[in-house]
Every structure is written in C-alpha cells, then in structure tokens.
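Dear colleague,

Please read them with the model open beside you.

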Amino acid sequence: MAGALGSCGGSRPPTTTSAPPPPTTTTVAKPPPQNAALPWPTYGAENARQRAVAATGLQPPFRRLWTFHGHALLEFPPVVGYGSVFEEAFDGRLYSIDPANGRTRWVYSAHRCGWSSPALADHLLFATFIGNSECKATLTGGELVALSPQTGHIQWRRAIGPSESSPLVENGTVYVGDQDGYVSAFAAGTGHVRWRYATGAPIKASPTLAYGRIYIGTYAGEMLALSAGTGRPVWHTFGYGRFYSTAAVNAGRVYVGSLDGRVYAFSARNGHVLWSAGTGSYVYASPAVWHGLVLVGSYDDTFYALDGGTGSVRWTYHARAQISGAASVVDGFVYFSSFDHRTYALAATNGHLRAEWPDGEYSPAVAGNGRLYLVGLGRIYALIPAVR
C-alpha cells in the first residue's frame, strides 16, 4: 500500500521511597477506560495510555476520504469524539474538523505553541499550550484551556508553567504537567485548583492514570506515583536518564522509555524496576501495549516489540530513520512514523509490513467511527478500508 496517500538488559538498582501497598486492584490486567463512549478521547486512547483499540475491521488496505491541511507541523495526534476531530497544531491553533468532509468547523488561536494532544471529557475540550520562540509565540508561559467542543468558546482558562503535557481527565478532574516541574489537578467544570505537586524538575511527559494513581516521569530521570485524589506521593524512584516518554500502564506494570536508551517496566505498586531493555539510542517515544507486547520505537531506527513480562525482544522492524513519536495499535496493526517522513503499518503479532505511506514524522494514527486518521507532517488523512 506504499504511496497510497499520493494516489533484556539488566536494570540498575532503584532509589525508591514508598508508601503502604495499594489495593489489590493493581493486579487487574487492564484498567477500565474513561469516557468509553468516545472513540479516541485522549492522548493514548484511554487514561492508562495504552494506545490500542479494537476497531474491528479497520485494517489496510485503505482508501482516502479527505485530507485536512493544518499549515503547520502536527506533532501530536488528534482526539475524536462529540462529533468532531480535534487537532492541535505546532503554531498554537486548535482545530475542530468535520469528520464527514475534513472541513474546519472552528479554530482557536492560543498565541502560544501547541505541542500536545487535547482531551475530551464532560462535554468539554481541554488543551495545553507553551510559550516558545520556535512557533513565534506572542505569549510566554503556559496555559490550560477548557473550551466548548461545539463552538470553541472558552469556558475557563488557567495559567500554568510552559506545558507540552497532554491533559488527562477522570472523575471530574483535569491533570497536567509543566516545565516548571509541577503536576497539577484542576476541577474540570470550573478550573479551580484541587492540588499541585512540585517535582523539582521539568516535566515534558503527560500524566497517566491507573489504580487511583498518577504516573509521570520528569526530565531529571525520576518516575513518580501520586495519589490521584490528593497529589501526595506514593512512591518515587530516580536515576534513569531523562523521561520525555509518557508511561503506559498495564497488568501492574508502568512501561516507559528513557533518553538513556532503555525501556523500563516499573512496578505500579511500589516503583521497583521489574526489567529494563536496551536499545541503540534515545527512546523519546511513548510505548503502546497490546496483548502482552510493549511496542516502541527508538532513535536507533528500530521499532521494538518487547515481552511485557520479561522485556525480551519478540520482534524488531528496521525503519530508514529515527523514530520519535508514539505508536498506536488499531485492530491488530501497529502504526508508527520515522524522521524520513514515512509511516508504517505492521502486523503487531510479528512485525510484518502491511502498508507504508510517504508522509508522517511523529505520532501517526488514531481511530474513530470506522475511520483511521493518519497524521502527516502538516496533514490529516481520513482513511477507510478499501473493501467494505
């Protein structure tokens, strides 16, 4: 289907502090998804950030329905729900896109950069922005904004540190990290601060929620578990390079990549390192988790499928360039992009190539309502199976 758009290693001992053991629910294989009525409401598909959906029958080969032109880099993927596709562009514009034809319904301009995915919940759209010269931002600092999904009108806004952290919403609370080192929780309906926790180091990752805890890593190489209700630390462990990657949580394990070139599995219960697997270079990418596999790309041009229980390599696929963005799994196929502007669809079971497209760079795909939304450098392609 190429061209279709144009036509384990060992682990270091952790330094850990821990609170009393969590409830036995940490043995649940998969935390229940939040906002399950929405097809892809948040970065990573659901709040455990596993990036995998069933979407039965949504497999290549595809045909294209429409193309959306964002006129700027689309570094992070859109979210889908409430009758629209919502995409945040590098230049700080937030778009509502009609899934029927790809036309823009409304645009919100933040006058800052958009380096994250928005989130949908409670009939609101939440988005973070970062003041940075790279997008010629006219405003500094960061902001968390809640908007109406139907109109784009602002419901509330709060100043935060510069943020490239995709918000997470559960049980009426919005969680977000920022480069000032804070993890913050806000009331979804009003924006009132519920709690803030100072990590002491910049945060570039997004929060992950499972078992009543927020899991997040810092750019100082510290991984934390915080009580989702109070923000109090449950455990923290440090000495693991730098975390840009957003964690995925499954079966009592916290999976995350590090700039030290390794993928880690921490115990969700107490933060102990269960295994680590080395790659040949930085792991900026956030992992996907599917059927016991941890699926993640590295700057060594290789995409890895690791055994979730042991970290052993199950299969690899060698791309033509570095891999930075998170993968997604849709109906048994894993999608990732590389820095040579190509996107791949592999059978998640064995890594066999099924399709390849001449566009993409970061996180390439989300699904919703019978469509695959493939993300190129500055475009979104709405695809449906070629044969129905």
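How many bridges join strand β21 to strand β22, and in which sense do the two run? Five bridges join β21 (residues 253–257) to β22 (residues 262–267), and the two strands run antiparallel; within this pair, Y255 has A265 of β22 as its bridge partner.

Before going further, please note that this is a predicted model, in which local features need pLDDT of at least 70 and side-chain atom pairs count only at pLDDT 80 or more, while totals for chains, interfaces and linings use all residues. Residues are numbered from 1 along each chain as its sequence is written, and side-chain values use heavy atoms, with hydrogens and water left out. As for terms, strands are DSSP runs (E, at least two residues) numbered from the N terminus, and two of them pair if DSSP finds at least two bridges between them.

The strands β21 and β22 belong to an open sheet of four strands, in the order β20-β21-β22-β23, with antiparallel pairing. Its edges are formed by β20 (248–250) and β23 (273–278), each of which pairs on one side only. On average, neighbouring strands of this sheet are turned by 20° against each other, direction ignored, where the axes are lines fitted to C-alpha atoms and angles run from 0 to 180 degrees between N-to-C directions.

A further open sheet has five strands in the order β2-β28-β29-β30-β31, and its pairing is mixed. Because β2 (52–53) and β31 (353–357) stand at the edges with a single partner strand each, one side of each is left without a neighbour in the sheet. Inside this sheet, β28 (residues 328–330) and β29 (residues 333–338) pair in the antiparallel sense over three bridges, with V329 standing opposite V334 in β29.

Strand β5 (residues 84–88) may also interest you, since five of its five residues are buried (under 20% relative accessible area with a 1.4 Å probe, protein chains only). S84, F86 and E88 point one way from β5, whereas V85 and E87 point the other way. Strand β4 (residues 79–81) pairs with β5 in the antiparallel sense over three bridges, and V80 stands opposite V85; in their hairpin, which has two residues between the strands, Y82 takes a positive phi near 50°. Strand β6 (residues 93–97) runs antiparallel to β5 and is joined to it by four bridges, with E87 opposite Y95. The hairpin of β5 and β6 has four residues between the strands, and there G92 takes a positive phi near 90°.

With best wishes

Notes. Buried means under 20% relative accessible area, exposed over 50%, partly exposed in between (1.4 Å probe, protein chains only).
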